[in-house]
Amino acid sequence: MPTESAFTSTAVPATGPEPVSGRLPVFPWDRLEPYKATAATHADGIVDLSVGTPVDPVPQVVRKALRDAADSPGYPTVWGTPAYREAVVAWCARRLGARGLTDREVLPVVGSKELVAWLPTQLGLGPGDRVGHPRLAYPTYEVGARLAGAEAVVHDDRFGDLDPGGMRLLWLNSPSNPTGRVLSAAELRTAVGWAREHGVLLVSDECYLELGWDAEPVSVLHPDVCGGTYEGIVAVHSLSKRSNLAGYRAAFLAGDAEVLQELLLIRKHGGMMTPAPVQAAAAAALSDDAHVAAQRERYGARRTALRGALEASGFRIEHSEASLYLWATRDEPCWETVGALADRGVLVAPGDFYGPAGDRFVRVAFTATDERVRAAVTRLGG
């Protein structure tokens, strides 16, 4: 096992995020650029494990559907084609247990990040309103609140002490980005009950739901969680990770029909349309489970290799029961870890990107090719 000095970095620690305007902080990954440059000087090139960007091929069944729909000269519908909506409804029933869902309870969106960033604005939130999100979380939840002029409030997935005053929107994220933590059905039921009691819209970001490793993620749309009614709850799903479609910007919402019909009207006015060929490709992806199983095998092998190498190198892994990341620490400031790994040609994301509670962790993605993962394993052991 390498000594601690073997991982000591000579890089200058990054400074904290300074706001570039009254509304938004510095884009987090811009702060990582000097470390990326350091890692890129490695003789065998950089191993970039900092961002969860798919690197494997788009499934052939999806490519064929895209090609077949290429001659689409007219405007697509915001609500989506009947075929796309039917595919979403069928997938939600098969995979989430959301039987009885209708196509009035689904809505395509142009990638899930766009939805997260603009949902508070589309819902009409503003000054005086509050948006709750997990303490360790994807930064865009807070960005969305700030874009709307609302207040972002953190929670720890425990709601007894959460002040409902002014709360209009409550985000859940299970499996979590960055930690990979999975909320149990009981924890989700508690959240749904709290939100309904206080008249707060609960939106559950479930984009990693099909990537459970040490736990089986459950949707808020499952009847054991929601009681068979979707009132006051919406789930967000993406095809980026499960189907390698990050470049297609294909995602959808499912849940409360009243909420989704309001968003449909807003999005019609705003021209927020998923391109017609992408809708056809997404319908094909949702209708095929074989490529998802194959991709899970790839990710599972990479996860096993990286976890073993990190633990052998003195890292401790916390949570990480699901998703595409390992939440790792050596019990030191996260930027020291980032710098030390960059010196070895490996780039990871500092935990404080996801909130101050992550300041002694790094997020390690296993969205790299098999060859690059092998390179990372070798460097961690060197």
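**View 1. The lining of the largest pocket divides into 17 nonpolar, eight polar and five charged residues.** Here Ala, Val, Leu, Ile, Met, Phe, Trp, Tyr, Cys and Pro count as nonpolar, Asp, Glu, Lys and Arg as charged, and the others, Gly among them, as polar. This is a predicted model, in which local features need pLDDT of at least 70 and side-chain atom pairs count only at pLDDT 80 or more, while totals for chains, interfaces and linings use all residues. Residues are numbered from 1 along each chain as its sequence is written, and side-chain values use heavy atoms, with hydrogens and water left out. The largest pocket holds about 710 Å³ of space. Among its 30 lining residues, W29, K113, Y138, T140 and N177 are the closest to its centre. Helices α4 (112-122) and α5 (140-148) each supply at least two residues of this lining. On a 1 Å grid over the protein atoms alone, a pocket is an open set of points with protein on both sides within 12 Å along at least five of seven lines, a cavity is a set where a 1.4 Å probe fits but cannot get out, and lining residues have an atom within 4 Å of a point.

**View 2. The second largest pocket has about 440 Å³ of space.** Its lining has 21 residues, and P139, E142, D352, F353 and G355 lie nearest its centre. Look for α5 again: with four residues, α5 gives the most to this lining.

**View 3. Strand β6 (residues 201-205) is mostly covered, with five of its five residues buried.** Buried means under 20% relative accessible area, exposed over 50%, and partly exposed in between (1.4 Å probe, protein chains only). L201, V203 and D205 point one way from β6, and L202 and S204 the other way. Strand β5 (residues 167-173) runs parallel to β6 and is joined to it by five bridges; strand β7 (residues 233-238) is also parallel to β6, with four bridges. S204 is the bridge partner of L172 and stands opposite A235 in β7. Strands pair if DSSP finds at least two bridges between them.

**View 4. D56 sits in the loop between β1 (47-48) and α2 (60-68).** D56 counts as buried because its relative accessibility is 13%. Its side chain makes a polar contact of 2.7 Å with that of Q295 and another of 2.8 Å with that of R302. A polar contact is a pair of N or O atoms within 3.5 Å; within protein, one must be able to donate a hydrogen and the other to accept it, and residues adjacent in sequence count only if both atoms are side-chain atoms.

Definitions and conventions. Points joined across faces, edges and corners; volume = space filled by probe spheres on them.
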